[in-house]
Amino acid sequence: MSRSGRTAVVAVAAAVVLFWLFGFWPALAVLIGVPVLAYLLLDSSQRQRVRGMSRKRIGR
């Protein structure tokens with residue numbers, strides 16, 4: 001299984017557990033808020049690198 005496939009499986013499993021434990025809205029807030037907060041904590045050069053990775057420009 002590819003790395004992105006494993007990430008997707010783990011994300012779905014985490015979502016199911018959070019929805020079961022906390023309910024829909026708190027779980028949704030955690031699932032959206034944590035990645036957004038992590039992105040906002042990066043400095044500008046790291047954000048640029050992350051945007052480049054999403055555009056398949058790794059190694060340039």
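What follows is a short exchange on the labels used for this predicted model.

Modeller: Start with the overall layout. The protein has three helices and zero strands. Along the sequence the pattern reads α-α-α.

Colleague: Why is Leu 28 called partly exposed?

Modeller: Its relative accessibility is 25%. Buried means under 20%, exposed means over 50%, and partly exposed lies in between. Therefore Leu 28 counts as partly exposed. Leu 28 is found in helix α2.

Colleague: What is the C-alpha separation of Leu 28 and Ala 15?

Modeller: The two C-alpha atoms are 8.0 Å apart. Along the chain, Leu 28 and Ala 15 are separated by 13 residues.

Colleague: Why is Leu 31 called partly exposed?

Modeller: Leu 31 has a relative accessible area of 30%. The label covers values between the 20% and 50% cut-offs, so Leu 31 is partly exposed. Leu 31 also sits in helix α2.

Colleague: Which residues make the nonpolar surface patch?

Modeller: Phe 19, Phe 24, Trp 25, Leu 31, Ile 32, Val 36 and Leu 40 make it. The patch covers about 700 Å².

Colleague: Which helix gives the most to the nonpolar patch?

Modeller: Helix α2, residues 24-40, with six residues.

Colleague: How much of the protein is buried?

Modeller: Buried residues are 7% of the 60 residues. To be called buried, a residue must have under 20% relative accessible area.

Colleague: And what share of the accessible surface belongs to carbon and sulfur atoms?

Modeller: Carbon and sulfur atoms hold 68% of an accessible surface of about 5,400 Å².

Technical notes
Residues numbered from 1 in each chain as written. Predicted model: local features only at pLDDT ≥ 70, side-chain atom pairs only at ≥ 80, totals over all residues. Heavy atoms only, no water. Patch = residues over 30% accessible without salt bridge, like charges linked within 9 Å, V, L, I, M, F, W, Y side chains within 5 Å. Areas by Shrake-Rupley, 256 points an atom, 1.4 Å probe, with all protein chains shown as cover. Salt bridge = Lys/Arg side-chain N within 4 Å of Asp/Glu carboxyl O. Helix = DSSP H or I, 4+ residues; strand = E, 2+ residues; numbered from the N terminus. Buried < 20%, exposed > 50% of the residue type's maximum accessible area, 1.4 Å probe, protein only.
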